[in-house]
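Student: I have a structure open and want to walk through it. Can you take my questions as they come?
Tutor: Go ahead.

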Amino acid sequence: MAAPNNSPIITTHTCSFASHAIMNKLISIISFFLLLSPFFAMSNTFFGAENTEGIKYDLFPEILKKEAVTRLNELGKVSDANGYLERTFQSPASIKAGNLLRAWMEDAGLKTWVDQMGNVHGRAEGINPSEKALLIGSHLDTVIDAGFFDGSLGIICAISALKALNTSGRLGKLQRPVEVIAFCDEEGVRFQSTFLGSAAIAGILPVSALQVHDKNGVTVQGALRANSIETTEENLLQLKYEAESVWGYVEVHIEQGPVLENVGLPLGSVKGIAGQTRLKVTVKGTQGHAGTVPMNMRQDPMVAAAELIVFLESLCKQPDYYLSYDGQCASSTVKSLAGSLVCTVGEISTWPSASNVIPGQVTFTVDVRAMDDTGREAIIYEFSNRLYHMCDRRSVFCNVERKHDANAVVCDPGLSTELKSASYAALKRITGEDPGDVPVLMSGAGHDAMAMSHLTNVGMLFVRCRGGISHSPAEHVSDDDVWAAGMAVLAFLETLL
């Protein structure tokens with residue numbers, strides 16, 4: 001009888017103990033989730049955001065924005081000069097920058113190496129190493145007194161996008177190899193020879209380039225040797241990639257112009273890179289005393305040069321008037337110039353350059369750029385033709401020398417379309433809104449893509465820069481636009497998964 005009397009007491013204590021245990025466990029679980037709630041709140045931004053269709057996308061702001069901006073700022077402080085940014089071919093700062101980039105490539109899971117021209121490579125083989133590779137690149141060198149973004153932005157965005165793939169376990173799932181290249185020299189500051197790095201990869205750099213020397217007499221070959229890179233004519237030729245091994249080349253670059261800022265969008269697809277011709281014009285007259293030679297008896301090369309420069313401006317503002325008037329060009333050629341033709345006189349010098357002397361000689365440069373090579377040639381022909389007539393009328397001697405020619409490069413329509421779609425997708429993911437039509441632009445500046453076009457199809461993506469300013473310490477890209485550019489590269493790479 002004792003047991004029945006004790007049973008309720010035992011049962012009561014057991015139930016009480018169980019309820020306390022359950023309550024404690026619930027409290028622990030609730031506390032655990034409360035501790036994690038900030039993480040889950042953050043993960044909506046870090047790991048993904050839902051679009052209007054309910055699809056979740058990773059946004060990776062820690063990699064594509066915060067870390068990318070930090071690296072751009074770090075790279076921008078690697079300089080050969082005190083007080084301003086200068087990084088030229090194989091300089092100490094260039095080597096340091098290359099080492100930084102190589103470490104960041106390895107951090108993204110890439111296999112790295114430096115080639116015989118000093119280009120820094122990082123490669124992900126994907127699941128099909130024998131497939132044609134996608135190359136993504138830009139340049140690590142700078143002009144004198146440069147900004148932080150010209151060249152560097154394209155390299156950092158590519159590395160960041162590949163790191164985002166690696167972080168999410170997708171780098172090894174790429175259907176073809178992807179290789180990032182930080183080209184050693186695009187600006188040509190040290191040796192006055194642009195595209196040393198990309199031209200070597202494309203196979204268009206002559207072996208004679210190794211013997212080009214800088215102002216101190218150091219050759220390209222000597223500069224490489226000073227950094228323990230032994231480059232001979234034979235292994236320079238071996239740097240050329242075979243066209244059969246390359247699928248395409250993509251370059252992200254600051255716009256270096258005001259169009260994207262004017263339309264209010266951070267990204268734009270590039271349809272092509274303008275062809276360029278540089279002329280040197282020499283006008284010779286009769287040197288004389290500024291106070292004793294009557295106006296109607298002068299053979300003044302300065303006023304002749306002024307007239308020529310003003311005519312060049314009119315010609316390039318209204319090519320349809322001058323070219324169609326003489327019937328020299330097809331209407332399609334004339335129309336093509338309307339949206340891309342730009343002409344610049346950047347240098348003028350006089351001899352003897354004294355305030356009380358009528359000059360004996362004036363020289364000036366002419367830079368003509370256009371997407372249509374035939375149209376560009378028509379402009380040069382028209383300018384030269386009118387020049388000789390004007391000089392004859394003023395009784396001065398004129399001569400025109402062609403100093404540089406580069407044909408226009410048309411970006412591959414397929415790559416351009418994919419980059420435009422990737423830009424649209426990136427902007428929509430980040431903002432959650434329809435960004436509208438991504439603009440298509442023409443590049444008036446030269447880029448490594450010009451050299452790479454001799455090897456493979458090329459595509460370019462422009463990124464908005466404040467005021468359109470470049471080649472200046474005032475050059476600036478916002479943190480959000482850096483993020484958008486990295487996200488666009490990521491969206492493009494995701495098409496290869």
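Tutor: Strand β5 (residues 133-139) and β6 run parallel, and six bridges join them. Keep in mind that this is a predicted model.

Student: How many residues of β6 are buried?
Tutor: Six of the six residues of β6 (residues 178-183) are buried, so the strand is largely enclosed by the rest of the structure.

Student: Which of them point which way?
Tutor: Val 178, Val 180 and Ala 182 point one way from β6, while Glu 179, Ile 181 and Phe 183 point the other way. Both sets are buried.

Student: Switching to cysteines. How many disulfides are there?
Tutor: The count comes to two disulfides. Cys 316 and Cys 343 form a disulfide, with their sulfur atoms 1.9 Å apart. Cys 391 and Cys 398 form a disulfide too, with the sulfur atoms 1.7 Å apart.

Student: What does the Cys 316 to Cys 343 link tie together?
Tutor: Cys 316 lies in helix α9 (residues 301-317) and Cys 343 in strand β11 (residues 342-344), so the pair ties together parts that are 27 residues apart in sequence. The link of Cys 316 and Cys 343 is left-handed, with -80 degrees about the S-S bond.

Student: Are those two cysteines buried or exposed?
Tutor: Cys 316 counts as buried at 12% relative accessibility. Cys 343 counts as partly exposed, at 22% relative accessibility. The cut-off for buried is under 20%.

Student: What about the Cys 391 and Cys 398 link, left-handed or right-handed?
Tutor: The link of Cys 391 and Cys 398 is left-handed, with -70 degrees about the S-S bond. Cys 391 is buried at 2% relative accessibility, and Cys 398 is buried at 6%.

Student: What is the pairing, in sequence order?
Tutor: With the bonded cysteines numbered in sequence order, the pairing is 1-2, 3-4.

Student: Cys 184 and Cys 411, buried or exposed?
Tutor: Cys 184 counts as buried at 1% relative accessibility. Cys 411 is buried as well, with a relative accessible area of 3%.

Student: OK, on to helix α13. What span should it have?
Tutor: At 1.5 Å a residue, the 19 residues of α13 (residues 413-431) should span 27 Å. The end C-alpha atoms of α13 are 27 Å apart, which agrees.

Student: Which of its residues are buried?
Tutor: In α13 the buried residues are Leu 415, Ser 416, Leu 419, Ala 422, Ser 423, Ala 426, Leu 427 and Arg 429. Seen down the axis of α13, they fall within an arc of 160 degrees, so they line one face of the helix.

Student: What is found at its two ends?
Tutor: At the start of α13, a side-chain oxygen of Asp 412 reaches to within 3.2 Å of the backbone nitrogen of Gly 414. Just after α13, Gly 432 takes a positive phi of about 75 degrees.

Student: Which residues other than glycine have a positive phi?
Tutor: Gln 90 is one of them, with phi near 60 degrees. Gln 90 sits in the loop between α2 and α3 (92-107), and it is buried, with a relative accessible area of 6%. Ser 395 also has a positive phi, of about 60 degrees. Ser 395 is in the loop between α12 (373-393) and β15 (397-406), and it is partly exposed at 43%.

Student: Why flag those?
Tutor: Most residues other than glycine have a negative phi, and most peptide bonds are trans.

Student: Where is there a cis bond, then?
Tutor: The peptide bond from Trp 351 to Pro 352 is cis, with omega near 5 degrees. Pro 352 is in the loop between β12 (348-351) and β13 (357-358).

Methods:
Residues numbered from 1 in each chain as written. Predicted model: local features only at pLDDT ≥ 70, side-chain atom pairs only at ≥ 80, totals over all residues. Heavy atoms only, no water. Helix = DSSP H or I, 4+ residues; strand = E, 2+ residues; numbered from the N terminus. Expected span 1.5 Å × (residues − 1). Buried < 20%, exposed > 50% of the residue type's maximum accessible area, 1.4 Å probe, protein only. Arc of directions from axis to C-beta. Polar contact = N/O pair within 3.5 Å; in protein donor to acceptor, adjacent residues only side chain to side chain. Pairing = 2+ DSSP bridges. Disulfide = S-S within 2.5 Å.
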